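Biologist: I would like to learn how to read side-chain features from a model. Please take them one at a time.

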Amino acid sequence: MKKLNANPFLKLVIFYILGCLISLYTSFTTTNYFSFILIITCGSLIFINRKHLKNNSSIFSNIILFLTLITGFLLHKNYNELNYKSHFSNYKFEYFEAKIINEPVYKNDLILFHAEVDKIFRDKWISTNGKINFTIKKDTLSKLNLNYGSVILSSSTINNTTPPLNPGEFDFKFWLSTKNINHASFANESQIKTLTNFQGNYIQKLAYEIRKVNIEKYKLLIKNPEALSIASTLIFGYRAELSSETLEAFSLTGTIHALSVSGAHVAIIYVFLNYLFFFLNNNKTLKFFKFLIIIIILWFYVFITGFSPPALRSVIMISLLITADTFNNQYSSINIMAFSALILLLFNPFYISDVGFQLSYTAVLGLIILQPEIEKLIRIKSPFIKSIWALIAMSLAAQIGTLPLSLYYFHQFPVYFLIGNLFIALPINLIMGLGVVVLIPGFGFLGPVLDWCITFTYNGLIFISSLPFSSVQKIQIDIFQVLIIVLLISSITLSLKIKSSTFKISLITLFLILITYNAILKLSKKDTLLFYSLKQNIGIGIIQHNKLNLYTNLNSEDKIFKNAILPGITNLKIKEYRINNLELPKINTTHFHYLIANPIKKLLIIDNCVEKAPFLPKGYDYILFQGFNSLSNEQNLELILNNKFVLFARQPTHLNLHQLPEVLKNKTYLLYLNPSKAFKIE
């Protein structure tokens, strides 16, 4: 409580975040009248009772906190473009005009970008708003050149973004929604016409152009493609050309933060500049001049990264810390951190759902709270060993701070994160320094040195990631478990600060709660039959005792398998799985395919079934109509009567589900299988 009272912005940001979370998980939309009445009422009460409130500060502060919560709720709700009457989704239209709001990514024959729909046309032009995720397929001889601020005219269809189709699949719909994007459009180049006028921010355009020029310089200086992509990502935050192998190497070694222009990068530049201009610390005037130089250079760095959100977050936070350090010798780092978070959330309340935002601030919180306590655990006199221990403490603090969210989002723990972070500590500084220097005219000869440094670092991380037990995989935790882990970390931290039996009892209690909850989850698991949604492919899983028998025509190297099936193995906490190649022997060369999926449960897959079928199957536990079904209504009813579960991947030609006789409803289960989403039976 003392910590909260000493840090007023921490209290404000906590209540503001609570308001945002209430908005995120509630569907209440009539906020304008409600907000107006509530704020006017509270404001009137404060004004009427202002004399009394001066003498009772606790009531006044509680009202302020309540208003902060309401503000968070209202701003988050009103930030959602779907609540606007002018949103394009409220209209039917023939074609639309949109401007590109980020830097397009050219990938093979596709162009990917986000766009703002400014106008729609039906009988006349109507001004609208609303963002979409846009994909354009280029023609073979395409000369289409799109950039930030380009305006296009399109006749393509705009659809709702697709939710994940299978268990554990990446929720691209939710990820886009955190950017206020809820719709997507796919267009062929023939459906696109580029307009001549530029609509966008000229400063942002200049930033993208400078970054593009610098990356082109790297292409001339750095010959290794992998080193080139790492340099572009690490220094300028340009991740378009980064390979999955590189991402995996950094992820498995706990150094993935190095591939995002984050607080660490901005801090490296600040530390370097702080040492470089040490001679300006002699008096207040020179110190102020030093402050201006550093702030300008830091913001210019963010400018040339294209104002990427991680860099922007970091420079705001560090700018506030530098300002406090320059003008006020006594300041609270937690309070400064909370103030920067509040500024960003006021600007964009949807940051609350952004994984990068969450990890950035939990890492900083870990550094502020945990690093000093970890350093105190071992007393070291040697300056050299002490500096190494400080690096270890910093890495431990950041890792512990982000642990609950990292496990929740990424389902893995890098065992050798300490080795990885210590290994890259010096190279990252060299790479960032050289990466800037080689862009200066006359210093291009250092390009091969930069190339070697990056390649050496990358190969070192590959080696560390290939070590036995380099990471613990398939970790699946829910929100409740995240909260328990957060409470455990908090209790351990407090027990280091305050020697009290209360915290020991809390730790034991929390451990027991976590163990009991995990035991309940295991006991509540049921055997499951799972039908995957894989477009033209088949995937059927039988889950028994945390083991998966998978029947599919895909192999483990197929991209669809890795994206649609493999994440679910982690999500469902499968201990082991076996892939069975789905060879479908035919009962009849024209009509039936079958598969005995399990010794206990019999599953029949019917590929095509016409009205003059030679016979109808009986006694199956599950029948799946994968393809076309034109059996008569009487034959379909006979199937349902003689088998336990009947699932249709397509609506049968001759079966009226609403006219199913009551006697059949009582004897069997009729299920319509939606082919656009996985379906499971427990």
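Biologist: Which backbone oxygen does the side chain of S232 reach, and at what distance?

Modeller: First, the ground rules. This is a predicted model, in which local features need pLDDT of at least 70 and side-chain atom pairs count only at pLDDT 80 or more, while totals for chains, interfaces and linings use all residues. Residues are numbered from 1 along each chain as its sequence is written, and side-chain values use heavy atoms, with hydrogens and water left out. A polar contact is a pair of N or O atoms within 3.5 Å; within protein, one must be able to donate a hydrogen and the other to accept it, and residues adjacent in sequence count only if both atoms are side-chain atoms. Here the S232 side chain reaches the backbone oxygen of L228 at 3.0 Å.

Biologist: Where is S232 found, and is S232 buried or exposed?

Modeller: Helices (H or I, at least four residues) and strands (E, at least two) are DSSP runs, numbered from the N terminus. S232 belongs to helix α8, residues 225-236. Buried means under 20% relative accessible area, exposed over 50%, and partly exposed in between, with a 1.4 Å probe and protein chains only. S232 has 3% relative accessibility, so S232 counts as buried.

Biologist: Which residues does S232 touch, leaving out those up to four places away in sequence?

Modeller: Contact means heavy atoms within 4.5 Å. On that basis S232 touches I215, Y218, G237 and Y238.

Biologist: How many aromatic pairs does a search of the whole structure find?

Modeller: A pair of aromatic rings is described by the distance of the centres and the angle of the planes. Rings of Phe, Tyr and Trp (its six-membered ring) pair if their centres lie within 6.5 Å; planes under 30 degrees apart count as stacked, over 60 as edge-to-face and the rest as tilted. The search finds 23 such pairs. One of them is F96 with F134, a tilted pair at 6.1 Å centre to centre and 45 degrees between the planes. This pair links distant parts of the chain, with F96 in strand β1 (residues 95-100) and F134 in strand β5 (residues 131-137), 38 residues apart.

Biologist: What relative accessible area do F96 and F134 have?

Modeller: F96 is buried at 0%, and F134 is buried at 0%.

Biologist: Which residues do ring pairs link into a cluster with F96 and F134?

Modeller: The cluster joins F93, F96, F113 and F134.
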